[in-house]
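Subject: Model handover

Hello,

Please load it first, then read my notes below.

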Amino acid sequence: MKILLVSNYLNSPNHNQNVWQDLAEHLKSASFEVMTTSSQTNKVVRLLDMLFTIWTQRENYQIAQVDVFSGQAFLWAECCGKLLHTIGKPFVLTLHGGNLPEFSQKHPRRVRKLLGMAGAVTAPSNYLLERMAIYRSDIRLIPNPIEVSNYPFRLRTNPSPAMVWLRAFHQIYNPSMAPKVLANILDECPSASLTMIGPDKGDHSLQTTKEVARHLGATQMIKFPGAVSKNEVPVVLNQGDIFINTTNFDNTPTSVMEALACGLCVVSTNVGGIPYLINHEEDGLLVPPEDPAAMAVVVRRILTEPGLAEKLSRNGRKKAEQFDWSFILPKWESLFRKIAND
């Protein structure tokens, strides 16, 4: 089967490899003929490239899949969906981003119209499925997968106060909260450390985070190695024992699933789709957003409460195994073949 995948296929040190890039690679391994668009950096040029590819290559694909994000990026999906609908090409929409429900409340007619044109709509989390059901009732759940075998598991029975943060430096992920968490535990755990991994998205979040660390006197305890390749993620994660996720908006972040797969003890804000992914007190611990003191409290619990770290670590790995590509890829294959043949 020949398929066109429409999303952000940027490939640079400033961008982490995303699940839609992984999907392209796995579909190719499953004998799909895959085209992708777009790798253009400029946003306007990227949209034009998407539309140009949809039109000029229309005889070279049977079905398209379009990723849907909130904000300005919604326009890309909207334009691509309208063009695909006009030329009679079946397509699947995939919803992304913890902020999409809020965006949809502001633009219900646009969202409902776009979703109604698609042969099928998928969501990677029950959070998005439930929140977006008012715009289309038959949204299908296909979780974001990972290759679990790529993430060596180490059971944390006696964790060190070595924390890891893995995300892009952007304000929606609230990176400046992480050094505040560290500062809150340094008095009791002077050996505590924090490694903050990820590309700089250019909104000054990285600079702000470093300034917060300096102000709190925590600079010497924090490393900023920058972005890492997909192959390096398991290595850098396993340098720590506690994973902290400080985001203000989220859906089902791959970084959290990667941390679960490695056996880190996950502590996250309870925003968006996170409570649908993490079972509080079972495979992770959840705290309110913008509350570094609360996050520091549960980090101390992991370090001091007998058996807690081991339980979170063991259960986290079990949770991650449910999201392995071996379970998820067949769902995509089945859906694409069904929609293409309808």
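Is the crossing of α10 and α13 left-handed or right-handed? The crossing is left-handed (near helix turned anticlockwise from the far one by less than a right angle; clockwise is right-handed).

Ground rules first. This is a predicted model, where local features need pLDDT of at least 70, side-chain atom pairs count only at pLDDT 80 or more, and totals for chains, interfaces and linings use all residues. Residues are numbered from 1 along each chain as its sequence is written, and side-chain values use heavy atoms, without hydrogens and water.

Helices (DSSP H or I, at least four residues) and strands (E, at least two) are numbered from the N terminus.

Helix pair one: α10 (residues 254-262) and α13 (residues 308-321) pack at about 125 degrees, axes 7 Å apart. The two are therefore oblique (roughly parallel is under 35 degrees, roughly antiparallel over 145, roughly perpendicular 65 to 115, oblique the rest). Met-257, Leu-260 and Ala-261 of α10 touch Gly-316, Arg-317, Lys-319 and Ala-320 of α13 (contact: heavy atoms within 4.5 Å).

Helix pair two: α1 (residues 19-29) and α14 (residues 325-341) pack at about 80 degrees, axes 11 Å apart. That makes α1 roughly perpendicular to α14.

Now the strands. β10 (residues 242-245) pairs in the parallel sense with β7 (residues 162-166) over 2 bridges (pairing takes at least two DSSP bridges). Met-163 has Ile-242 as its bridge partner. β10 also pairs with β11 (residues 265-269), parallel, over 4 bridges. There, Ile-244 partners Val-267.

Regards

Terms used: Axes fitted to C-alpha atoms, helices over the stretch in contact; angles between N-to-C directions.
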